[in-house]
Amino acid sequence: MPNPRPLHIKINRVFFLVALVLFPTIALLSGLVEYNRIRAEYSAAMHTRITVAQALIREELFRTDSLVASIGSELDPGHPGTILSRLINSRFFELQGDTFFVLDPQGIVAAISKPYSDYMGLDFSSMIPAQAGRERLVRYYQSLLTKRSVIAIQYPLENGNILVVERPLDKFIPIMASFEEGKRYAGELFFVLSTAGQTIYHPDRTLMETRYNLGFDLKERTAPDNDGFFSFVYHGHRFIAQRQQFTEPPGWVMYYSVPASEMTGTLFKLLGSQLLFPVFLFLLLFFAFYFVFTRFFTRPVRHLVGALEKSDLGKGLSLSENDLGNITEFTTIAQAIKIRDAELISTAERFQAVLNSLDAVVHVVDFNTHEVLFMNSYGQKLYGDCTGRLCYKALQEGREKPCSFCTNHLLIDKHGVPVGVYSWETQNTVTGRWYDCRDQAIYWVDGTLARIEIATDITERKKAEEALLAEKERLDVTLRSIGDGVITTDVAGKVVYVNKVAEEMTGWSSDEARGRPS
Amino acid sequence: MGRQCGRWKLLLSFPLLFLVVFLFSCDIGQSPPPILLGLAINLSGRGGAAGEDIRDGAILAVDRINAAGGINGRPLKLLVRDDRNTPEGVRAADTSLVDEGVRVIIGHSTSGNTLLSYPFVTAKGILLLTPYASTNKLNGKDDLFVRTQVNCDLYGKKAAILFERNAIKSVALLMDMSNADFVVDWKDSLEKYFQGRTRVVTFNSRQQTDWSKLIASLMRSRPDGVVLLTEASMSGVALQKLTAAGYDGSRFATIWADTPELLHYAGGDAEGLRIITFIDPDNNRADYRSFSRAMEKSFHKKATARSSRAYELIVVLADALKRSEGQSAEALKKSLLSSEYNTILGHLRFDKYGDVVRPIYEVVVHNNQFQSNGPI
């Protein structure tokens, strides 16, 4: 059986276990709900912003479309040189910060921005591969002309000519910079990578200027989940991102990433704020319960126990209503104890009265300590009030240790359980009188094992028995000494005694004749 | 007492619970600090496209070394700086890397820029390593400079042998003075060993170029051969201009133009061009093939002379870092010089000054491909 523990510790444990189950459960359920909500919110916001950013970049990238379309409509197949000279003289692209060149079907430079007229006639066919179809193409490289990182848009013209407009990458910087001013998340990052992973747009201009292969640095990439989220590690930090391919230029991908800590931080903040209330409520409940428990349970119980410990069998409990916390249940318990005490007292008094009325010595002795717990009035007259004294000292003469004839071991079985009454006779060394003793093991009023002995004075009977024995001896001697045969019978006529002479006369011994009819 | 303990345990359990959750949500692991390597090259100036290859090769090498456990448990971290191929850019790149506390600076892309960098970097007690600079001004110096690039003196000597082997009696040299230290040293070395006539035509690619005048000047002496001491894009333009001008003599280029971009810029006019270089285009080594595949997989581009040179240098450096018996640049140099290396580009070793000893090849462009004509 486990050791009993105070109730408040058990209740504290219950509180702890409840908290241990309750809070992680709340955190888990709430976390799941919030996680999904935050993800959905991030997903919608990121998707929208990517779409807007893509539209801005495409708008800027293909600003040249309208001019090229007008060239195409005006181009006279019979006089291509006219439109080329118009292009060169218009300085349209140069005014935009762009450069251009026109390649003939063999890839030879047929027209070029003015500062680079020295390149006229060069073969650029290896640099700018021949173009099939009517679709424009977009390429990304360091310009031979300007040495800058450029987006080259190839427009197919009539007669197999190709117009190449080189647009510096920094064209996109002001647009994206103003777009990124409205940052939604701390640490968010927009960047655009080419099919090969080269940086086409990034807030770090160096990466753009040097055509850095940022794709290589995005380590531990995961596959996009159902919400389009994937993650990667960049310079030792994990990012959550969404990406969207450009429909044009094909292969370009826009990434919108936020540090994973940003999303988890938001989640933890929300969870924290949501858990704050239950935690506060729990603590409030805990302290309220603690106060109520202490004030209305622990303290009254302590008072009750204290009062019980201090209470005397004869006086009963001494407790006020206030000591019991003005709790009806404890008052009822106290009253029940008082009633029980009163009954016990009454029973004990009646019991003592019965014992005191007996003409025998009745005493109760502690089984283990041999302390006299009770002595009736009869005994007190003989031995005085020896309550509290050791029995072998109070009831026997000159003994310093328990009596050798002590009957304790005869009153219990091997398990220490009382077995019944043991009767014996003894002559007391104090009074010198004979007693018929009836000993029994009992549980005394305080629950201790005790021996009760009822000793009836049989001294007179003992004396009569001794006198009778002496008389019988004398008669026997007399009958043996006379010469006549004597046969004694009882009232029923059966032989009781045959003297020596009668034995010889009858041939029966005294023992053989005893009981025979005369 | 027991009752108070129980209460405090209960009260403390909540913050502890949250603390445990918080700690588990944080990255509390600590990895050893990385060894910082600086890479200072031209990425946005003229010839910056070749710089991309250098950077990508270096990044791949670092990535692979780190994946294999780094340097005795410490990862390498490569800090890349663009020197923009200008003196200001070179100084800014070097200063930035020194401020970052790099142990080694790899660079620059040209001899001129490396010479600009040399006094500043070595004075800071930092080892300057390059697979690109070949100027003779750094030959035979017991300093904090080590290179896997062959010096101009050897290039000049080998060029002279090649010319004599092809019965070339006169050459015209087109020299891009934006990298004067390389082209002048190359020319001087050639003249030191070459018995024929040389004619020099200079220009500066950082400035506007009058190609008509340049080509006319090159062809004025009707040389048996033209040597293009220019980077890939200018070499490509020059080749086209020479063809357009009807030049039919031998054309030579240097390791400076030894990149695939040369073929793009030259159109079809690079056919027959011969390049004097230490890069063997018929390299069939297993580790080179592995490197080449990794370049295509990671960067979607083919391995080039530039990227393989950068890769080779970092692998050699990593080997030396593992063996280095100290943190100083001198200890690292000693470690570098104390071994021989079988790299993706072949066998190499360093002399006592840190200049490389390795073979030089004649490479020819045939069917728009680089092919080796064997060692010179």
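The model is predicted: local features need pLDDT of at least 70, side-chain atom pairs count only at pLDDT 80 or more, and totals for chains, interfaces and linings use all residues. Residues are numbered from 1 along each chain as its sequence is written, and chains are lettered from A in the order in which they are written.

The model has an ipTM of 0.80 and a pTM of 0.68.

Chain B contains twelve helices and 15 strands, taken as DSSP runs (helices H or I, at least four residues; strands E, at least two) and numbered from the N terminus. Of its 376 residues, 53% are buried, that is, 20 or more other C-beta atoms, placed from the backbone, lie within 10 Å of their own.

Contacts (C-beta atoms, placed from the backbone, within 7 Å) join 35 residues of chain B to 29 residues of chain A. Helix α1(B) supplies the largest share of the chain B side, eight residues.

| Property of α6(B) | Value |
|---|---|
| Residues | 180–193, 14 residues |

The expected span is 1.5 Å times one less than the number of residues. Buried residues of α6(B) include B:Phe182 and B:Trp186; the buried residues of this helix pack against α4, α5, β6, β7, β8 and β9 of chain B.

Note on methods
A residue is buried if 20 or more other C-beta atoms lie within 10 Å of its own, exposed if 12 or fewer, and partly exposed in between; C-beta atoms are placed from the backbone. Two residues are in contact if their C-beta atoms, placed from the backbone, lie within 7 Å.
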